[in-house]
Amino acid sequence: MKVLITESIADESVQYLKDQGYEVEEYLGHSQEEIEQYIKGFDALIVRSATKVGPSLLANADCLKAVGRAGTGIDNIDVKACTDHGVIALNTPTANNMAAGELAVGHAFNVFRYIPTANEGVHNGDYRRGNWVGYELEGKTAGVIGLGRIGSIVARKLKGIGMNVIAYDPYIAAEKFEKLGVGRCQTLDELLEQVDLITLHTPKTKETYNIIAKEQLYKCKRGVRIVNAARGGLVNEQDLADALAEGQVAAAAIDVFDKEPSYNKKPGDQEFDNVLLHAPNCYITPHLGASTVEATAKVGQGIVELIDGALKGEIVAALNMPQFSGSVDEIRPYCSLAEKIGLMYFQAEGKPITKVEVRYRGELATNSGTGIITLSLIMGILKGMGNEHVSYVNAQESIDECGIEVVETKDETIMRYNNLINVKFYTEDGRELKINGTVFTPNTEVIVSFFGYEMNCPLSSTVLAIKNNDVPGVIGRIATILGKHNINIVSMHWGRKNQDGSDNKHAQAFVATEQPVSEKIIKELEGAEGVLKVSLLDLE
């Protein structure tokens, strides 16, 4: 598989992908148009903040399965478009939090103490320190807009240097404000009228775009200072430039633009311009929020591991997949079991279905993330139908196209098992076939009921489902045939029932084997006395 990287990540992260067997190409310093033409043939794309992943790029991405942003934000990734194209969208939401928070705090010092201009003056032979008399941060009021992960880091650090910190975030509970010791503003205007410093830490959305513009700037006291190390577009750039020129804003520090330049072009090749580059007392850095050795290593390694997992079909915390409570390790065994149940149906029965009903029982029913388990079941069904290109992103759309209804229900009642997945398949001819399973340990997935036959069978990669007459001698004949062909039996489980209320009794066997079983051996098993049907369940 091929991975395209359009913006720099750590060399160690690139090597990690190569060590996993991927063909990796670093395509740095190219325009958006060039990238959109070059994307053909790549299975995964890794970007940072400049490359835009939207409909035009995705239209040319004939092989793309996953796209990952090495960083927190997703404003350059159209998640809906990725979903429409069946592409898994990934990011590393926590890896650069500390780096971004510390940069904002560093800029807070810059806008009060004029450190960059003093440095420039000294290097030009000007040592007149009276030109750069600043202000102490101690006792000033900082207004944090957005009290999420990074905003919380900034609030904590600004409090640590003696600032009075207030914040506005309508989505954060009062308890978090209290825990941080931060004053809570009910409205943005309430914050603006009090602050000496505004620092922004929200995502860029329709609601937050230009959240600070002319109207808001002039609600502040004269001489307010502004730091934006979050997302370009949160502050209206023209309005900020005008306010700086008029002295309403004393100083600003900007790490991000609404429209970003290319961060790989050399100075002589750079054509970017912005009104803030010409504004007085405006300190600008080239999107350095994640540019620390530690953050670069963390975001790079984090995204390549996610990309690797996505390409291998593993459960990853994607932006366009159902969220779930608990850890991936806790949910993974149930997803694996559900996918195997989906595979089993068509390998054992093969009859078209119109509806699938999955019910989660016991403690599993209390988990808010059963949606991803249901998607795993759907993936198994579709793979059983021959669809090898299904993923968590396109599974629901693919099953809808097949005209198969999927219904999920929950029942917290604990019966025999603490956790149970009940799946009922409705066939075109009106039958209802059930497969139930549970997880005993992370490595032990167990089928407890198969098409009405009760059993207790741990699963392995190869299982023979054998229906037979419930009479003496059948087990011995099956074992003899397998032994003759040097097929080692890992486990053997039989379930029985009186199928029609008469003396006609059938049994259902699950025989897990260590070696693959050929079609020739299956034919021989089908010919054994008492054997009614043999299905090979390939659950790899």
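Val-227 in strand 10 is the bridge partner of Thr-199. Strands 9 and 10 pair in the parallel sense over 4 bridges; two strands pair if DSSP finds at least two bridges between them. Helices (H or I, at least four residues) and strands (E, at least two) are DSSP runs, numbered from the N terminus. This is a predicted model: local features need pLDDT of at least 70, side-chain atom pairs count only at pLDDT 80 or more, and totals for chains, interfaces and linings use all residues. Residues are numbered from 1 along each chain as its sequence is written, and side-chain values use heavy atoms, with hydrogens and water left out.

- Strand 10 is mostly covered, with 5 of its 5 residues buried. Buried means under 20% relative accessible area, exposed over 50%, and partly exposed in between (1.4 Å probe, protein chains only).
- Val-224, Ile-226 and Asn-228 point one way from strand 10. Arg-225 and Val-227 point the other way.
- Strand 10 also pairs with strand 11, in the parallel sense, over 5 bridges. Val-249 in strand 11 is the bridge partner of Val-224.
- Helix 11 (residues 237-246) carries the chain from strand 10 to strand 11 in a right-handed β-α-β crossover. Right-handed means that, with the strands pointing away from the viewer, the path from the first strand over the helix to the second runs clockwise.

- An open sheet of 7 strands has the order 8-7-6-9-10-11-12, with parallel pairing.
- Strand 8 (183-184) and strand 12 (282-284) stand at the edges. Each has a single partner strand, so one side of each is left without a neighbour in the sheet.
- Strand 6 (residues 141-145) runs parallel to strand 9 (residues 197-200), joined by 4 bridges. Ala-142 stands opposite Leu-197 in strand 9.
- Helix 5 (residues 97-113) packs on the sheet and touches strand 9, strand 10 (224-228), strand 11 (249-254) and strand 12. Contact means heavy atoms within 4.5 Å.
- The direction of helix 5 makes about 150° with that of strand 10. Axes are lines fitted to C-alpha atoms, for helices over the stretch in contact, and angles run from 0 to 180 degrees between N-to-C directions.

**Strands 4 and 5**

- Strand 4 (residues 66-69) and strand 5 pair in the parallel sense over 4 bridges. Ala-66 stands opposite Ile-88 in strand 5.

**Nonpolar cores**

- The largest nonpolar core has 74 residues. A core is a set of buried Ala, Val, Leu, Ile, Met, Phe, Trp, Tyr and Cys residues joined through side-chain atoms within 4.5 Å.
- Leu-90, Ile-373, Ile-421, Ile-447, Phe-450 and Phe-510 have the most contacts inside this core. Helix 13 (residues 328-348) gives the most to it, with 11 residues.
- Leaving aside neighbours within four places in sequence, Ile-373 is in contact with Ile-331, Tyr-334, Cys-335, Ala-338, Tyr-360, Leu-364 and Ile-421.
- A second, separate core of 30 residues includes Leu-191, Cys-220, Val-249 and Ile-254.

**Asp-308**

- Asp-308 lies in helix 12 (residues 293-311). It counts as buried, at 6% relative accessibility.
- Its side chain makes a polar contact with the side chain of Tyr-22 (2.6 Å). A polar contact is a pair of N or O atoms within 3.5 Å; within protein, one must be able to donate a hydrogen and the other to accept it, and residues adjacent in sequence count only if both atoms are side-chain atoms.
- Not counting residues up to four places away in sequence, Asp-308 touches Tyr-16, Gln-20 and Tyr-22.
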